[in-house]
Amino acid sequence: MTVHLKQDAPDNRDVLDGTGQGVIGAPLPRPEGLMKVTGTATYAAEYAVEGCLEGVLVTVPVTRGEVLSIDEHSVLTMPGVVAVISDERMTGRPAQGMAGEAPFQPAQEVCYWGQPVALVVADTFEQARDAAKHLAMEWRSEDAPIDPASVETEEDESTLQGDLAHAMAEAAHSVDVVITTEGHASAAMEPHAALAQWNDGALTVHASLQMLKFNRAELADSLGLEEEQVRLLSPYVGGGFGSKLGVSQEVVAASLAAMKLGRPVRVVMSRQQVFQTVERRSETHQRIRLAADAEGKLTGFGHEALVSNLPGETFAEPVLQSSQFLYAGENRLLKLDLARIHRMTAGSVRAPGEAVGVQTVEQAMDMLAEKVGMDPIELRLRNIPEVHPAKGTPFSSRKLAECLREGAAAFGWEPRPRAPRHTREGEWWIGTGVASGARVHFVEEAKARVTLRPDGTALVETDMTDIGTGTYAILGQVAGEMLGLVPDDIEVRLGDTDLPPGSGSGGSVGAASCGSAVFLACQGLREQLAKRLNVGADELALKDGFARWDGGEKALPELLGGEPLECTGHFEPGASTEDLTVSSFGAFFAEVAVNRWTGETRVRRMTGAFGFGRVLNARTARSQCLGGLTWCIGNALTESLLFDPVDGHLANCDLAEYHVPVNRDVPDLEVLLLEERDAAASPIQAKGVGELGLCGGAGAIANAIYDACGARVFAYPMTPDRVMAAMESSRPPSEST
Amino acid sequence: MAISINGQDYALPQDPRTSLLDFIRGEARLPGTKKGCDHGQCGACTVLVNGIRINSCLSLAVTNDGDEVTTIEGLGTLAAPSEMQLAFVAHDGFQCGYCTPGQICSATAMLQEIAAGWPSDATADLGAAPALTDDEIRERMSGNLCRCGAYANIVAAIRDVAGENA
């Protein structure tokens with residue numbers, strides 16, 4: 001039995017509020033937690049497979065060119081070497097998220113520095129690694145544009161409304177500022193890995209991937225196989241953050257080797273290869289224009305951005321995504337341009353668009369508040385638009401004002417116009433800053449099968465992944481709430497393409513999409529149970545393993561009569577998210593200390609307040625937000641992909657040189673979850689939360705730096721040198737040394 | 001010529017290039033110890049060697065002749081998890097779980113280092129015994145990266161265990 005719903009209208013029934021089991025939203029621990037902390041959760045590279053060969057990818061130090069020849073014999077005589085794979089089906093780039101088709105082939109046509117072009121396979125990892133370094137190749141290279149500022153650009157997207165230039169000229173107060181951000185790496189802790197087995201025309205690959213139904217199609221297309229011949233398994237994924245949305249080079253290479261050699265082959269990228277060959281977040285060059293009347297009401301809003309990608313890639317960092325609707329202003333100009341350059345593929349890194357597009361607007365808003373002479377929170381509250389400023393569509397639900405107000409109260413925000421350099425502790429200037437946050441809500445088609453077993457326990461199955469987000473926990477909670485079971489009586493199986501195709505993890509779609517599929521399946525089961533009892537589904541209560549109705553009660557095993565009961569839920573996005581503006585919202589507050597002599601910034605505390613529809617598990621949701629706030633700190637202060645200006649190679653391609661926040665960089669973080677129900681977002685009234693926590697917060701840190709020391713820094717990350725320079729130029733003459 | 005891992009002896013590898021990490025994950029078939037960078041930059045491979053935490057990727061297996069290695073599997077099991085492992089679950093001190101075994105090995109050894117009076121960059125008075133402050137915990141856990149951003153919960157988990165034993 002299948003229950004299908006294409007959600008064309010908001011669902012205001014709030015079914016999960018009336019079922020009564022009381023597990024939905026509860027801060028329950030992750031069911032797989034004990035496996036993760038005891039080292040018994042098995043990740044892609046860790047399956048013990050007899051006779052498994054080891055493959056190491058070979059890359060070339062050329063920015064653009066072509067591999068002319070690969071001399072297999074240069075390594076085939078080395079100890080343990082089994083083969084060199086340089087099949088033209090090898091992929092040179094990762095697939096973009098939800099591509100569902102082969103990425104760029106052949107790999108031997110080189111488009112960026114460090115592109116993998118071949119795979120050396122040997123008995124042991126040490127042998128393969130050594131041989132990979134010795135593989136003799138010939139290539140030709142050619143010049144390639146590597147600087148986004150030096151090439152002609154393509155227009156990717158634009159919104160024009162009214163006359164922004166006129167609004168700027170007429171404005172009582174205005175801000176016109178250029179802010180840059182540098183590239184980011186996902187830097188998931190588990191390097192990309194694949195273990196491929198080829199048996200009788202069937203390919204089985206343990207891989208570290210986020211969106212299996214798309215990945216299966218991408219891999220099959222890359223190899224020239226039918227999808228039915230390919231099975232992918234990713235029950236545990238050591239972080240993704242966008243970098244595992246599409247199949248990357250090691251998955252295809254391991255598969256080709258296994259198919260050619262008829263033996264299992266494992267390929268794990270080195271950390272350097274992960275940095276050099278998987279997706280980056282594009283650097284951005286942004287111009288923000290704000291025009292306001294004397295009371296701080298926006299009359300004009302402009303946001304233009306230049307981003308980059310390789311030739312042939314359709315993805316352009318959607319910097320303006322939330323700028324479309326976050327603030328009012330009848331005269332609008334939003335424009336996204338794309339430069340074609342030869343750095344590695346630009347794609348989705350956690351919260352593509354908003355992760356770099358909101359914080360810049362929030363800096364401009366802070367500057368505007370200062371010009372108007374107004375508390376920055378009041379300025380924001382005054383400019384929350386009634387409807388989508390360009391489309392005119394109403395918002396499905398929006399907690400922005402509440403997040404700003406309740407976050408301010410929790411943080412202890414002092415409402416006042418900002419005037420920097422008000423507090424000093426020894427050599428540290430202390431300041432606070434605020435920013436709004438927003439992340440567009442997406443949903444994706446998803447299926448899940450729920451089986452009530454004869455003993456009254458339940459099994460939830462989908463190919464959906466848990467990349468640390470809490471899928472195992474929340475799908476069990478949705479099922480538990482609907483079927484009246486405690487989570488211990490529910491088993492959740494994920495990450496296997498033999499199971500019904502879920503949404504995959506990406507773009508924060510997972511919880512709302514797959515949660516809805518589980519919800520629909522359980523609805524079907526409730527109907528079947530009610531039918532057996534000759535009562536209406538509405539009259540049936542399921543709680544603690546019992547079915548109760550007017551005049552009766554039966555334990556589930558008795559009701560099931562020794563037979564399992566199964567239903568598949570099939571959720572499809574429909575018009576409900578098209579006719580309304582659906583987004584999650586938040587507010588960020590930061591307190592920083594800036595060293596007056598070195599320009600070093602330390603974040604002393606942060607508060608984030610978030611509204612994202614129904615909270616499915618308050619613990620895992622909070623952890624998602626903590627992760628987001630942590631990313632805000634890296635985004636604001638340390639993270640930056642640095643490309644060599646001569647040959648375009650990535651200079652900081654490891655975790656020593658690309659600075660993700662470490663434990664001591666992260667202070668006490670406070671998270672407020674503002675419950676709401678978004679009927680248009682999904683039939684379970686939930687929106688996504690995986691990315692919201694880093695959509696704007698770096699702006700709160702930037703604004704706190706200004707409040708602390710008077711330095712307006714217009715380039716992320718705000719490293720000590722940049723803060724120092726801005727501090728020097730802002731220092732009053734009396735303080736000059 | 002043997003390495004003891006969680007109390008079991010393993011013959012040293014034939015290949016001198018094999019890192020202790022690859023030896024643990026490969027020949028000893030204990031994949032709880034993770035490879036995150038292979039360059040001593042992330043801490044995912046942290047194990048205890050003779051009670052001291054190290055990055056096992058930076059040690060060649062053949063140099064560990066006679067050493068006693070404890071991995072995450074040796075600290076506790078599904079049936080009998082350690083206090084620290086339980087605290088990580090209780091405080092949600094992880095998300096994807098990949099850095100977690102390294103974090104837990106590191107945290108376990110770190111508390112012993114504080115108890116032994118070893119100072120850190122966060123220790124204000126080098127003459128006095130280091131206090132178990134959040135700052136000390138954060139500093140001493142900064143060799144273990146967590147990209148999911150679970151640091152706040154990791155500190156809470158360690159504080160919990162340290163508090164109970166204080």
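This is a predicted model: local features need pLDDT of at least 70, side-chain atom pairs count only at pLDDT 80 or more; totals for chains, interfaces and linings use all residues.
**Entry 1: chain A as a whole**

I started by counting elements: chain A has 16 helices and 30 strands. Next I looked up its radius of gyration, which is 27 Å; the globule rule also gives 27 Å for 737 residues, so chain A is as compact as a globular protein of that length. I noted the span of the C-alpha trace along its principal axes too, about 80 × 80 × 50 Å.

How many of the residues of chain A are buried? I got 63% of the 737. Then I checked contacts between residues at least 6 apart in sequence, and 82% of those in chain A join residues at least 24 apart.

**Entry 2: an open sheet in chain A**

I traced an open sheet of seven strands, in the order β4-β6-β2-β14-β11-β12-β13 of chain A, with mixed pairing. Which strands stand at the edges? They are β4 (81-85) and β13 (230-233) of chain A; each has a single partner strand, so one side of each has no neighbour in the sheet. On average, neighbouring strands here are turned by 25 degrees against each other, if I ignore direction.

Strand β12 (residues 202-207) of chain A pairs with β13(A) in the parallel sense, over four bridges. One pair I wrote down is A:L203, whose bridge partner in β13(A) is A:V230.

Then I looked at what packs on this sheet and found helix α6 (residues 249-261) of chain A. This helix touches β2, β4, β6, β11, β12 and β14 of chain A, and its direction makes about 25 degrees with that of β11(A).

**Entry 3: strand β21 of chain A**

Is strand β21 (residues 446-452) of chain A enclosed or open? Five of its seven residues are buried, so the rest of the structure largely encloses it. I found β21(A) antiparallel to β27 (residues 565-573) of chain A, with seven bridges joining them. There, A:T451 has A:E566 as its bridge partner.

β21(A) also runs antiparallel to β22 (residues 458-461) of chain A, joined by four bridges. In this pairing A:R449 stands opposite A:E461.

**Entry 4: helix α16 of chain A**

Which residues of helix α16 (residues 720-730) of chain A are buried? My list reads A:V723, A:M724, A:A726 and A:M727. I remembered that an α-helix has 3.6 residues a turn, so residues three or four places apart point the same way. As for what covers the buried residues of α16(A), I found β28 (583-595), β29 (601-611) and α15 (697-709) of chain A among the elements.

**Entry 5: a hairpin in chain B**

Over in chain B, four bridges join β3 (residues 46-49) to β4 (residues 52-55), and the strands run antiparallel. B:V49 has B:I52 as its bridge partner in β4(B). This is a hairpin with two residues between the strands, and B:N50 in the turn has a positive phi of about 50 degrees. β3(B) is also antiparallel to β5 (residues 68-70) of chain B, through two bridges. In β5(B), B:V49 has B:V69 as bridge partner.

**Entry 6: where the chains touch**

Last, I looked at where the chains meet: 48 residues of chain B are in contact with 47 of chain A. On the chain B side, helices α2, α3, α4, α5 and α6 each supply at least two residues. That side of chain B divides into 23 nonpolar, 15 polar and 10 charged residues.

Notes
Residues are numbered from 1 along each chain as its sequence is written. Chains are lettered from A and ligands numbered from 1 in the order in which they are written. The radius of gyration is taken over C-alpha atoms; the globule rule is 2.2 Å times the number of residues to the power 0.38. A residue is buried if 20 or more other C-beta atoms lie within 10 Å of its own, exposed if 12 or fewer, and partly exposed in between; C-beta atoms are placed from the backbone. Two residues are in contact if their C-beta atoms, placed from the backbone, lie within 7 Å. Two strands pair if DSSP finds at least two bridges between them. Axes are lines fitted to C-alpha atoms, for helices over the stretch in contact, and angles run from 0 to 180 degrees between N-to-C directions. Ala, Val, Leu, Ile, Met, Phe, Trp, Tyr, Cys and Pro count as nonpolar, Asp, Glu, Lys and Arg as charged, and the others, Gly among them, as polar.
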